[in-house]
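Hello,

Here is the structure you asked about. Please have it open while you read the notes below.

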Amino acid sequence: MPGDERSRAEAVLTCTGPKCLSGDLGLPMKIILANPRGFCAGVNMAIDVVDQLLDICPDETIYVYHEIVHNRHVVARFKDQGVIFVESLHEVPNGAIVVFSAHGVSPAIRTEALERKLVAVDATCPLVTKVHMQAIRYAKQGWQILLIGHADHQEVVGTMGEAPEAIQIVETPDDIPDLEILDPEKVVYLTQTTLSTDDANVIIDALRVAIPTIKSPPSDTICYATTNRQHAVREIAPDCDLVLVVGSRNSSNSVRLTEISKNVGTPAKLIDDVSEVEAAWFEDAETVMVTAGASAPDDLVNDLVIFLFEQHGGVVEQWDVDRETIEFGLPASLKNVMRENGIDPSGRRIVLDRAGDLDALLSRNGIDHRTVDLTIGRSE
Ligand code: SF4
């Protein structure tokens, strides 16, 4: 972070909150909101697919294969609306609508859905699909693929299913001695989209030592949203006493944000929502960073910020590290369902910004806030 920006940010520390005004509750808190944080384009798209199906087909039960995104609150809200989440297509009645989650599925699942005459709506993130396509292409060309990722993650299971005979999974450098390499000149690596860039680089470096001829993918397969949220933590966390990450325990990219923070020396806590906050965490914390994994809804972040301010007073600053304007269009399979229900999909787009304007919310609550523009990167 440029020094003049940092001093500019520190110069605005003000105090209007209840703790500060009481005069006996210690220093007011500086709450730094990382931007970007929270929903990415793929999660927005996947959630909107289910919302639109609920709207288009009010009399039908919507089934979703696996959690639509890895967030407890998102899943609970859909369950409340009647959505049924399944771990096997056998749980879906013949002919029913089933949504494939943002993490993607293997071809075997798509075939099973076809054979069962299910109405499959594919909410796989296009950036996950991109990794699938690369796996298919390399496998067809006779390459061995080393897929860096977590073997039990649904995304990795789905990618693996595209070319199981060509893919070996690498979870840590310890897996490298056990790899079966047929021709070192025809080995390429790919990654899960939501890895820690720190961890992935350690594995890639170790692979390059073991197989110097290993080929890199044509473009980075850790996605822009994962990269940007981690980048913001690396930039901001060193100036903070504590980092709070809003996200669920099974959200890979949320867990990675806590790890990145710890890597740069700042303790971090992963919380599903404000109810999990513990007062003891703030005894020595004057500056607290708040961020959220790519599947965590904004309203949970907003609740946390309001709570912190009510408890500690101080000031809220949003530090803009990267600008994101990426949006994905409606999946073709959703457009088909729209047409079958007499709805013209042209002109319809994914709905964004569900939580409303944070600035307006803070103003309504009388919370002193400002934005610090550090814009280092941009994803369009
Ligand atoms: S985290 Fe990345 S890969 Fe996953 S849904 Fe979001 S944009 Fe897609």
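In this predicted model, 11 residues of domain 2 are in contact with 10 residues of domain 3. On the domain 2 side of that contact there are seven polar and four nonpolar residues, and no charged ones. The centres of domain 2 and domain 3, taken over C-alpha atoms, are 27 Å apart. Domain 2 covers residues 42-125 and domain 3 covers 127-210, while domain 1 is made of three segments, 3-40, 224-327 and 353-379.

Next, the cores. The largest nonpolar core holds 61 residues, and Ala46, Ile68, Val99 and Val121 have the most contacts inside it. Helix α3 (residues 41-56) supplies eight residues, the largest share of this core. In soluble globular proteins, nonpolar side chains tend to be buried together.

Leaving out residues up to four places away in sequence, Ile68 touches Ala46, Ile47, Val50, Val74, Val75, Phe78, Val99, Ser101, Ala102 and Ala123.

One more residue to look at is Val157, which sits in helix α7 (residues 154-162). Why does Val157 count as partly exposed? Val157 has 19 C-beta neighbours inside 10 Å, and a residue is buried if the number is 20 or more, exposed if it is 12 or fewer, and partly exposed in between. Val157 and Glu259 are 102 residues apart along the chain, and their C-alpha atoms are separated by 23 Å.

Regards

Definitions and conventions: Residues are numbered from 1 along each chain as its sequence is written. This is a predicted model: local features need pLDDT of at least 70, side-chain atom pairs count only at pLDDT 80 or more; totals for chains, interfaces and linings use all residues. A nonpolar core is a set of buried Ala, Val, Leu, Ile, Met, Phe, Trp, Tyr and Cys residues joined through C-beta atoms within 7 Å. Helices (H or I, at least four residues) and strands (E, at least two) are DSSP runs, numbered from the N terminus. Two residues are in contact if their C-beta atoms, placed from the backbone, lie within 7 Å. Domain bounds come from an automatic or database domain assignment. Ala, Val, Leu, Ile, Met, Phe, Trp, Tyr, Cys and Pro count as nonpolar, Asp, Glu, Lys and Arg as charged, and the others, Gly among them, as polar.
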